[in-house]
Amino acid sequence: MFASVIVDVPSKSVNQVFDYRIPEGMQDIVKVGHRVLVPFGRRTIQGYVMDINDTADFDPARIKPIARTLDIEPVLTEEMIVIAKYLAEYYVDQYISVIETILPAALKANYKKIIRLVSDDREAAQALSSLGFSKEAETRRLTAEQLSVLRPHLKSGALAEETVMSQHTRKKTALGVYSLKVPEPNLGRAKKQVELLERIDMSSEPVLVRDLSEEGYSNAMVNALYKKGLIDKVDVEVERDPYSGRVFEYDRPKVLNEEQQHAYDEITSSMDAETAETFLLHGITGSGKTEVYLQVIQKVLEEGRTAIMLVPEIALTPQMVNRFKMRFGDDVAVLHSALSAGEKYDEWRKIKEGRARVSVGARSSVFAPFEDVGAIIIDEEHETTYKQGDRPMYHAAEVAKFRSRRHRCPLILGTATPSLETYARSEKGVYRRLELTERAGTKVLPEVQIVDMSEEHRTGNTSIISTQLHDAIQDRIEKGEQTVLLLNRRGYSNFQICQSCGHVPMCPNCDISLTYHKSNNSLLCHYCGYESAVSRQCDNCAGTDVTFRGTGTEKVEEILRDMFGTDVVRMDNDTTRRKGMHEKLLNHFERDEIPILLGTQMIAKGLDYPKVTLVGVLNADTMLNLPDFRANEKTFQLLTQVSGRAGRHELSGEVLFQTYNPSHYAIELARHNDYRSFYEKEMAFRRMARYSPFYFHVLFTISSEDVRKCLDATSHIHGTLAGAMSGQSIIVGPSPSPIERINRQHRFQILLKYKREPALLDILTALDEEYHEKYKKEGISLKIDVNPLVI
Ligand code: ADP
Ligand code: ZN
C-alpha cells in the first residue's frame, strides 16, 4: 500500500504530494490524516497523509517507506483535508500552509540547523568538546567565535551542518505514583507512611505527587514507599487550563423578547432542513444577540451536536468568554492568540477527544475539529480580523460556509453593522435576515450629538477636548459614573516637525513618519518597529526649533489627568502588549470605578459596564481619510460600535462625536443609528465606482528591495492579466501601494475588478507557480489577495 504525503519543506513550497510505501507492519496503523515522518532527500521530515492507495504513480521499487507515524490517532479529519484542498485552490496557496493553519502550532515541525560530527576525526571531536558539546551543536546558539573554531573541521568534512526537525511543545506531564498492591506491606511503626499508602491504594488512578505534598505528605515519604517497592512512579498528563481556578457561576437563560424569540425559532427550525441556511442576525448594539446565540447553542447541545462560536478577538473581550463559561461550564473550549502553544494544544484536544462540545475562539477556531457540528456563529461578522493578513489569506466566513454546507447546519452572522457584502446578500435572499430593532429589556439607545471642532477652534478652544465634552465628563465624575473615550491613534504625538525647514523625521525602512512616544522618549515606526532617540536638533537644517504635532493616546491621557485630576485607564497597543493586560486593565476600570477609560479601537467592541453612561469619540474623522474604498463603511461601523458601549443597563447613555466633517453621511447616519440609509448611500457610491459588492476583487502586491526588479515583475504580471481578462473586467494600476515602502521593500499593486472570469483560477494558479519558480529566487515577493478587505 502507498500513501500520498504532503511534506513540510520550508524551502520547497510545492503543491505536490509525494508517494511513500507503507511498510508491512504499519498497514493497519497508518490512516489518512496521520502525521508521519518520511525520508526526503538526505533528511527525515514531517508530512501528512492525504490519501492511501493500492498503486503508485512511480516504479514501486524506488518508492521509499514511511519511517513512522507521530500520533496514535490521525490529527486531520477527512473534513479538514477536504477544506485544506478547497482553501488552497480558492486562495491560490499551498496545501501545506493551509494544513499548518488548520492545526495547532504545537503539532508543527520545527526545523533547526546543527553542526554534527560525521567522522571519527579526533581533532574535530576535540574542537566540539572544547566548546562543551559532545557530538553536535545547534548553529543558531553558537557565537561567531565558537563558529570560527569549528569552521576548519566543517571544511575538512569531519563536521557537517545539517537541518534537523524537532517537535514543539507536547503534552505536559507531572509525576504521579500508584500502588503496587503488595500484600501485607511491612511499614513497622511509620504511621504516616501507612496512611499515605492507604491514600494511594484507594485511588484507582495514579495520584500526583504535587497533590500529595499539598495534603501534607512530603516527597521524602513518597520516596520511602517507592524504595520499599510498594509504589511505582509514572508520568501523568496534566492539562494546561488557562481558566483553572476560576469559578463561573451558572447564568440561567433569559426569557427571550418577541424579536429574539422569532430569530431563535427561525434558526432552530432550519436545523432539520435538508440544506444549510445562512442567517444574518442584524441587531442593534445591546439588542440581545448574544443571548440568542447562547440559546441556539443550548438547543444544539440538547440534540447531541456541537457548536462553533467565533468572535473577532477574545483577548479584547474577556466578557464574552465569561458568558459562555457561565452558561456551559466545562463544555466550553477557548481558542485564541493570547494562549500559549501548549494551552492551545490542550484546548484543541479537548475538542478533538469530545471533552468539550462548544468552542469559543478567534479566526482560526473555525477549524475546531468537531464532528457533527450543529451551528456555527460569527459574531461581529463585519470585523476585518476574520481575514488572515498573511498567507493563507483566508476569511473565516468562507470556511464557515463550507463547513455549514457539509454538516447541514445553520450559519449565523451577527452584527449591528453588517458588511455591505453581507447585507446585499440578505437583500437578494441568499441569506435570511433576522432583525432585532430594540435593546433588550427596557433599555434604549443613547442620544448621540455631534461637536463641530472647526467651530470649537474658531471660538478659541484649541484643546482636543471640546467644551461640551469637558462638561459632560465633569458631570459624570461628579455623579460617580464612567466615561469611555475613543482616540484612534497611539503614541504621544503624531510626528515631529522642524519649524524652520519643515523637515519631518521618517522611518529609514518605510515611507512613513515616525511617531513620538514620550514614555521611552523615542521616535517609533508603527510599521516595522524601527526606533530612534529623539533629537532636539533638526537632521536637515540643524535648527533647534523642532516641535511635535498631532495628539496620540499617551498625550491625551496626560491632558485628561491634568484637566480633571482623576485616574485614567489607557488601553492601546503599548499598554496591552503583555499577556493578560487587556483583562487586567478592564477589571481595574470596572472594579476600582476609574472615571475614564481612554483607548484606541480595541475598546469599541463588546464592553458592557453598567456605570458607563458617556462615550466620547475624540476624532471621528481619522478613518475617513484612509486610502481605502471602505473608509466610510469602517467609520460608520466603528462609531456605531463604540456608541453601543453607553447606557447598556439602568442608567441611560449619551454619546458625543467630535469631528471636522459634521455633515459627512457616515458620521451623520451613525449618529441616527440609520444603517439602512447608510447602506443605500454607500451602495450607490460602490456601484458608480465599480467596487465590491458589485464587483469581485483580487489585489496583487509585488514587493522587493530592488525597485527595478519590482517594476519589471509588476509590468509582467500586468501584461499577463491584461492579455487574459475579458472586456468586462477592470485592471487598476499598476500603481505604488498606499505606503510605498515598508521594511525596505518597495511595493507596487495591481487591482483586478471582475464580475465573471471563468478562467481566473487557472490564471492565478499559473502566476503563483511562476512566482515560486522564478520571482521568489530573485528576492521578489508576490501576494495574491483574493477578496481583499483592505485596498
Ligand atoms: P448584543 O450581543 O446584541 O450586544 P447582549 O446579548 O449582550 O446584546 O444583551 C445586552 C444586555 O441585555 C445584556 O446585559 C443581556 O444580559 C441583556 N439581555 C439580553 N436578552 C435579554 C432578555 N431577553 N431579557 C432581559 N435582558 C436581556
Ligand atoms: Zn518602518
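Visitor: How are residues and chains labelled, and what pLDDT do local features need?
Guide: Residues are numbered from 1 along each chain as its sequence is written, while chains are lettered from A and ligands numbered from 1 in the order in which they are written. In this predicted model, totals for chains, interfaces and linings use all residues, side-chain atom pairs count only at pLDDT 80 or more, and local features need pLDDT of at least 70.

Visitor: What separates the centres of domain 3 and domain 6?
Guide: Domain bounds come from an automatic or database domain assignment, which puts domain 3 at 173-237 and domain 6 at 696-786. Taken over C-alpha atoms, their centres are separated by 67 Å.

Visitor: Within what arc do the buried residues of H10 fall?
Guide: Helices (H or I, at least four residues) and strands (E, at least two) are DSSP runs, numbered from the N terminus. A residue is buried if 20 or more other C-beta atoms lie within 10 Å of its own, exposed if 12 or fewer, and partly exposed in between, with C-beta atoms placed from the backbone. In helix H10 (residues 318-328) the buried residues are Met320, Val321, Phe324, Lys325, Arg327 and Phe328. They line one face of the helix, because the directions from the helix axis to their C-beta atoms fall within an arc of 165 degrees.

Visitor: Which helix is included in what covers the buried residues of H10?
Guide: Contact here means that two C-beta atoms, placed from the backbone, lie within 7 Å. The cover includes strand E13 (306-310), strand E14 (332-335) and strand E15 (358-361), and also helix H9 (289-302).

Visitor: Is Cys541 buried or partly exposed?
Guide: Cys538 is found in the loop between E24 and strand E25 (546-549), and with 21 C-beta neighbours inside 10 Å Cys538 counts as buried. Cys541 has its place in the loop between E24 and E25, and touches Cys498, Ser500, Cys501 and His503, not counting residues up to four places away in sequence. With 13 C-beta neighbours inside 10 Å, Cys541 counts as partly exposed.

Visitor: Which residue is the bridge partner of Ser522 in E24?
Guide: Two strands pair if DSSP finds at least two bridges between them. The open sheet of 3 strands has the order E22-E23-E24, with antiparallel pairing, and 3 bridges join strand E23 (residues 522-524) to E24. In E24 the partner of Ser522 is Ala533.

Visitor: Which strands stand at the edges of the sheet of 6 strands?
Guide: This open sheet is parallel, in the order E19-E29-E28-E20-E27-E26. Two strands each have a single partner strand, so one side of each is left without a neighbour in the sheet: strand E19 (447-452) and strand E26 (568-571).

Visitor: What angle does the direction of helix H18 make with that of E28?
Guide: Axes are lines fitted to C-alpha atoms, for helices over the stretch in contact, and angles run from 0 to 180 degrees between N-to-C directions. Helix H18 (residues 631-643) packs on the sheet, touching E19, strand E20 (482-486), strand E28 (612-617) and strand E29 (654-659). The angle with E28 is about 155 degrees.
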